[in-house]
Amino acid sequence: MTTAVVLSIGSNLGDRLANLQSVVDGLGSAVTAVSPVYETDAWGNVEQGPFLNAVVLAEDPALDAYGWLRLAHHLENAAGRVRETRWGPRTLDVDIIRCDGADGEVTVGDDVLTLPHPYAHERAFVLVPWLAADPSATLTVAGHARAVAAHLDALAPAERAGVRRTELTLRTGNLS
């Protein structure tokens, strides 16, 4: 079972902020931190509108990594997510970036799930909000744990500059 999870959430269709809010609401009291909301240009080679992105930190000792994956898919489906084009437009994308269990960072590598997320260290739209939510966060890549801030510093300046903080916020019921 896991004790904590890092979720990267994004939306570029419909009411983007409401789609992100649906994740925070769906996680309820499991939420421990939420980043500010950022706007980013779409990633990948599909022409589409900009995304709103955020990171949510949550804890639920009853869920293992696959339980978090099922919950992520449930939240995406509830928001009307349709999987037609890889990296295409979507109402909601919920990616599991990292899970921690009683013994530390959980690693999984199969046809269903890969943890830690194999591309998170290359994506400023994940790293910038994550760093805002947890300045001391680390991410293991190729067997080496490294500060999220160091992963972010390794990205091209243009990649980092493409993540623009907004004035939008996500409401949480259990955080002060």
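**View 1. Helix H3 is mostly covered**. The model is predicted; local features need pLDDT of at least 70, side-chain atom pairs count only at pLDDT 80 or more, and totals for chains, interfaces and linings use all residues. Residues are numbered from 1 along each chain as its sequence is written, and side-chain values use heavy atoms, with hydrogens and water left out. Eight of the 10 residues of H3 are buried. Buried means under 20% relative accessible area, exposed over 50%, and partly exposed in between (1.4 Å probe, protein chains only). The buried residues are Ala-124, Phe-125, Val-126, Leu-127, Val-128, Pro-129, Trp-130 and Ala-133. Helices (H or I, at least four residues) and strands (E, at least two) are DSSP runs, numbered from the N terminus.

**View 2. A cis peptide bond joins Leu-115 and Pro-116**. Omega is about -10°. Pro-116 sits in the loop that runs between strand E8 (114–115) and helix H3 (124–133).

**View 3. The largest nonpolar core has 30 residues**. A nonpolar core is a set of buried Ala, Val, Leu, Ile, Met, Phe, Trp, Tyr and Cys residues joined through side-chain atoms within 4.5 Å. Ile-9, Leu-27, Trp-68, Ile-96 and Leu-170 have the most contacts inside this core. Two or more residues come from each of strand E1 (2–11), H1, strand E2 (31–34), strand E4 (51–58), helix H2 (65–78) and strand E5 (93–101). H2 gives the most, with five residues.

**View 4. Leu-27 touches residues elsewhere in the sequence**. Its partners are Leu-7, Val-56, Ala-58, Trp-68, Leu-71 and Leu-75, with residues up to four places away in sequence not counted. Contact means heavy atoms within 4.5 Å. Another core lies apart from the one that holds Leu-27. This other core has 20 residues, among them Phe-125, Val-128, Trp-130 and Val-148.

**View 5. Gln-21 is a buried residue of helix H1**. Helix H1 covers residues 16–27. The relative accessibility of Gln-21 is 6%, so Gln-21 counts as buried. Beyond its neighbours within four places in sequence, Gln-21 is in contact with Thr-169, Leu-170 and Arg-171. Leu-170 is also among the residues with the most contacts inside the 30-residue core.

**View 6. Ala-142 has a positive phi**. The angle is near 55°, in a residue other than glycine. Ala-142 lies in the loop between strand E9 (138–141) and strand E10 (144–147). The relative accessible area of Ala-142 is 72%, so this residue is exposed.

**View 7. Pro-157 is exposed in helix H5**. Helix H5 covers residues 157–161. Pro-157 has 57% relative accessibility. Pro-157 and Ala-124 are 33 residues apart along the chain, and their C-alpha atoms are separated by 9.9 Å.

**View 8. The whole chain, for context, has five helices and 11 strands**. Its radius of gyration is 15 Å, close to the 16 Å that the globule rule gives for 176 residues, so the chain is as compact as a globular protein of that length. The radius is taken over C-alpha atoms, and the rule is 2.2 Å times the number of residues to the power 0.38. The C-alpha trace spans about 40 × 40 × 35 Å along its principal axes. Of the 176 residues, 47% count as buried. Among contacts with a separation of 6 or more, 69% join residues 24 or more positions apart.
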